Amino acid sequence: MSLSNSLGLLGRKVGMMRLFTDDGDAVPVTVVDVSNNRVTQIKSQETDGYVALQVTFGSRKASRVTKPEAGHLAKAGVEAGEIIQEFRVTAETAGQHKAGGVITAGSVFSVGQKVDVQGTSIGKGFAGTIKRHNMKSQRASHGNSRSHNVPGSIGMAQDPGRVFPGKRMTGHLGDVTKTTQNLDVFRIDEARQLLLIKGAIPGSKGGFVTVRPAIKAKPQAAEGAK
């Protein structure tokens, strides 16, 4: 759940490409498909205790949908999606939407806006301590014997004589929820409902992502201000 009361969009990471500015500069962008975001439920303070919009993205076979979920979606009159998520919003924002409606990219984001993109990072399996925690390896020569890419000592002397919990060691790397903050919306393709976001975002091609307005973005300075 985001800390901000702002509406976002669900999407799928298509891949990366580059675009050129009018000055000829190459800008790396990530293409995110945010087409057909449907509102499945509008939660209110009176009935649910908080205000939120429940949104779904993608499509799923009817045979893959549970009966309770199918009834919930049928009430809103929307097709079952692959993912479903809530966005905390203000009562004013919730009043602008209705169950079954479609949220477009242009109605939520604008070119130049700062956004936070959340996704599942690429899993890298079991990794060593150096790679997993971005540590510095030891010397590759001058007396170093079989200790080039190892963490070194991990324990203590007789007191306390143990390894403390939480010690950074080898283990599973990646495949966790990550959020990249303060990225720029470089371009919006309204016809195909694509967001072209400057920079890289978490996850592999085809992975699901959530795009929200940035919560740490600095306010834009007023025109003419020094």
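The questions and answers below go through the terms used for this predicted model.

Visitor: What makes the protein more spread out than a compact globule?

Guide: The protein has five helices and twelve strands. Its radius of gyration is 23 Å, while the globule rule gives 17 Å for 226 residues, so the protein is more spread out than a compact globule. Along the principal axes, the C-alpha atoms fill a box of roughly 70 × 55 × 35 Å.

Visitor: How many aromatic pairs does a search of the whole structure find?

Guide: The search finds one.

Visitor: Why is the pair of Phe-57 and Phe-208 called edge-to-face?

Guide: The ring centres of Phe-57 and Phe-208 are 6.4 Å apart, and a pair needs centres within 6.5 Å. Their planes stand at 85 degrees, and planes over 60 degrees apart count as edge-to-face. The pair is therefore edge-to-face.

Visitor: Why is the pair said to tie together parts that are apart in sequence?

Guide: Phe-57 belongs to strand β4 (residues 52–57) and Phe-208 to strand β12 (residues 208–213), so the parts tied together are 151 residues apart in sequence.

Visitor: How do you know whether Phe-57 is buried or exposed?

Guide: Buried means under 20% relative accessible area. Phe-57 has 3%, so Phe-57 counts as buried. Phe-208 has a relative accessible area of 30% and is therefore partly exposed. In the protein, buried residues make up 34% of the 226 residues.

Visitor: Why is Asn-134 called exposed?

Guide: Exposed means over 50% relative accessible area. Asn-134 has 71%, so Asn-134 is exposed. This residue sits in the loop between α5 and β9, and Asn-134 has a positive phi of about 55 degrees although it is not a glycine.

Visitor: What makes Met-169 a partly exposed residue?

Guide: Its relative accessibility is 31%, so Met-169 counts as partly exposed. A residue in a patch needs over 30%. Met-169 forms a nonpolar surface patch with Ile-154 and Val-163, and together they have about 190 Å² of accessible area. The loop between α5 (129–132) and β9 (171–173) holds Met-169.

Visitor: Which residues does a cis peptide bond join?

Guide: Asp-159 and Pro-160, with omega about 5 degrees. Pro-160 is in the loop between α5 and β9.

Definitions and conventions
Residues are numbered from 1 along each chain as its sequence is written. This is a predicted model: local features need pLDDT of at least 70, side-chain atom pairs count only at pLDDT 80 or more; totals for chains, interfaces and linings use all residues. Side-chain values use heavy atoms; hydrogens and water are left out. Patches are made of residues with over 30% relative accessible area and no salt bridge: like charges are joined within 9 Å, nonpolar side chains (Val, Leu, Ile, Met, Phe, Trp, Tyr) within 5 Å. Accessible areas come from the Shrake-Rupley method with a 1.4 Å probe; for residues, only the protein chains shown count as cover. A salt bridge is a side-chain nitrogen of Lys or Arg within 4 Å of a carboxyl oxygen of Asp or Glu. Helices (H or I, at least four residues) and strands (E, at least two) are DSSP runs, numbered from the N terminus. Buried means under 20% relative accessible area, exposed over 50%, partly exposed in between (1.4 Å probe, protein chains only). Rings of Phe, Tyr and Trp (its six-membered ring) pair if their centres lie within 6.5 Å; planes under 30 degrees apart count as stacked, over 60 as edge-to-face and the rest as tilted. The radius of gyration is taken over C-alpha atoms; the globule rule is 2.2 Å times the number of residues to the power 0.38.
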